[in-house]
Amino acid sequence: LAHPDDFAPFLEDDEKWDPYVQRMSEDGEWAGNKELQAASLVCMANICVHQGGRPRWEVVNYKADRWFHVSYENYDSGREHYNS
């Protein structure tokens, strides 16, 4: 919310900032890469994403040794999901 200029350019399908923020505040709404980046900045921690059978992916914004670990699931149905 504090830095819309950092994230608004990456919204898809011409979605506007305020409706996007409202939608993302709902339980069960799917988050993606830009939300992981924002979480890293807000929590002042790096994020490591683990994926079965693939190299891990890291969001690194800090030199500090503070990490959050999440898993990324890609189901046969085509649905994708992050687990914390």
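Q: How many residues apart in helix 2 are tryptophan 17 and tyrosine 20?
A: Helices here are DSSP runs (H or I, at least four residues), numbered from the N terminus. Within helix 2, tryptophan 17 and tyrosine 20 are separated by about one helical turn, because their spacing is three residues.

The model is predicted, so that local features need pLDDT of at least 70 and side-chain atom pairs count only at pLDDT 80 or more, while totals for chains, interfaces and linings use all residues. Residues are numbered from 1 along each chain as its sequence is written, and side-chain values use heavy atoms, leaving out hydrogens and water.

Q: Which kind of aromatic pair do tryptophan 17 and tyrosine 20 form?
A: Rings of Phe, Tyr and Trp (its six-membered ring) pair if their centres lie within 6.5 Å, with planes under 30 degrees apart counted as stacked, over 60 as edge-to-face and the rest as tilted. For tryptophan 17 and tyrosine 20 the centres are 5.7 Å apart and the planes stand at 40 degrees, so the pair is tilted.

Q: Is tyrosine 20 buried or exposed?
A: Buried means under 20% relative accessible area, exposed over 50%, and partly exposed in between (1.4 Å probe, protein chains only). Tryptophan 17 has 17% and is buried; tyrosine 20, at 8% relative accessibility, also counts as buried.

Q: With which side chain does the side chain of glutamate 73 make a polar contact?
A: Glutamate 73 lies in strand 3, residues 67-74, where strands are DSSP runs (E, at least two residues), and at 28% relative accessibility it counts as partly exposed. A polar contact is a pair of N or O atoms within 3.5 Å; within protein, one must be able to donate a hydrogen and the other to accept it, and residues adjacent in sequence count only if both atoms are side-chain atoms. At 3.2 Å, the partner of glutamate 73 is the side chain of serine 71.
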